[in-house]
Amino acid sequence: MGDTNRGGPLGPRFSTALAFAHELHGDQKRKGTEIPYIAHLLSVAALVIEAGGSEDAAIAALFHDAMEDQGGRPTLERIRKRYGDDVASIVDACSDAETEPKPPWRERKEAYLAAIPHKDQQTLLVSLADKVHNARTILQDYKVNGEALWDRFNGKREGTLWYYRSLRDQFKGRTPDPLWEMLDDAVCELDRRAETE
């Protein structure tokens, strides 16, 4: 996997990727909210950039859910044609399903967890950044909505907590410590709050 432009300035490819990500996800909202989905993609890309990810990783962060949510493999091939094999490879590795209907939730999550040790560093970075932002968002929404929050998720309360604990354990020692610590902090706080509810 290439490390194109690692830690350097972002070029015109990133600018066009922003526009394309908005084209793909412009009408999508975050689960259970009115927040435009692009906010999540921008947040994940920012975490990747701040952690020293390559330009390819930053671009892949903008598309990490595109195959899963916006057209499956044909969308991945559009990304490959525009941004190359390295970006497409990261997007592919960050997706846990490409078909509709998706396989059962637990099966998908177990497969995703099992694949983490085999991912390259740039893919791990994008994957972890995605999970960090998701965990922080879940925590923030939990503070506002309490136990009603879990109805949004296929895994409900116990499954979602199991998944994020497992993600934290799988990423430990494989990714930049500060980013992993963000995930650990969010998961620990979720656990604390869940125990008191």
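**Entry 1: His64.** I began by listing the contacts of His64, where contact means heavy atoms within 4.5 Å. Leaving aside neighbours within four places in sequence, His64 is in contact with His40, Leu41, Val44, Val91, Cys94, Ser95, Val126 and Asp130. Before going further I noted that this is a predicted model, in which local features need pLDDT of at least 70 and side-chain atom pairs count only at pLDDT 80 or more, while totals for chains, interfaces and linings use all residues. I also noted that residues are numbered from 1 along each chain as its sequence is written, and that side-chain values use heavy atoms, with hydrogens and water left out.

His64 lies in the loop between α3 (55–62) and α4; the helices here are DSSP runs (H or I, at least four residues), numbered from the N terminus. Is His64 buried or exposed? His64 is buried, because its relative accessible area is 0%. My cut-offs were under 20% relative accessible area for buried, over 50% for exposed and partly exposed in between, with a 1.4 Å probe and protein chains only.

Which side chain does His64 meet through a polar contact? The partner is the side chain of His40, at 3.2 Å. I counted a polar contact as a pair of N or O atoms within 3.5 Å; within protein, one must be able to donate a hydrogen and the other to accept it, and residues adjacent in sequence count only if both atoms are side-chain atoms.

**Entry 2: Asp130.** I followed His40 to its other partner. The side chains of Asp130 and His40 are joined by a polar contact of 2.9 Å. Asp130 is found in helix α8 and counts as buried, since its relative accessibility is 4%. Apart from neighbours within four places in sequence, the contacts of Asp130 are His40, Val44 and His64. I also checked Asp130 against Gly173: they are 43 residues apart in sequence and 17 Å apart in space, C-alpha to C-alpha.

Entry 3: A polar contact of 2.4 Å joins its side chain to that of Tyr112. Not counting residues up to four places away in sequence, Ser127 touches Cys94, Tyr112 and Phe171.

Lys131 is also found in α8. Its relative accessible area is 7%, so Lys131 is buried. With residues up to four places away not counted, Lys131 touches Tyr112, Tyr163, Tyr164, Leu167, Phe171 and Leu183. Lys131 and Leu167 are 36 residues apart in sequence, yet 8.0 Å apart in space, C-alpha to C-alpha.

**Entry 4: helix α7.** The buried residues of α7 are Trp105, Arg108, Lys109, Tyr112 and Leu113. Seen down the axis of α7, these buried residues fall within an arc of 130 degrees, so they line one face of the helix; the arc is that of the directions from the helix axis to the C-beta atoms. They pack against α6 (85–94), α8 and α9.

**Entry 5: Arg30.** Next I looked at the loop between α1 (12–25) and α2 (38–50), where Arg30 is found. Arg30 counts as buried, because its relative accessibility is 13%. Beyond four places in sequence, Arg30 touches Ile35, Pro36, Tyr37, His40, His133, Asn134 and Thr137.

**Entry 6: the largest pocket.** A pocket here is an open set of points on a 1 Å grid over the protein atoms alone, with protein on both sides within 12 Å along at least five of seven lines; lining residues have an atom within 4 Å of a point. The largest pocket is lined by 30 residues, and Lys31, Tyr37, Lys109, Asn134 and Phe153 lie nearest its centre. Which helix gives the largest share of the lining? It is α8, with six residues.

**Entry 7: Lys156.** Last, I looked up a backbone angle. Phi of Lys156 is near 50 degrees, a positive value in a residue other than glycine. Most residues other than glycine have a negative phi. Lys156 is found in helix α9 and is partly exposed, at 41% relative accessible area.

Terms used. 1 Å grid on protein atoms, 1.4 Å probe; cavity = no way out; pocket = protein on both sides within 12 Å on 5 of 7 lines; lining within 4 Å. Helix = DSSP H or I, 4+ residues; strand = E, 2+ residues; numbered from the N terminus.
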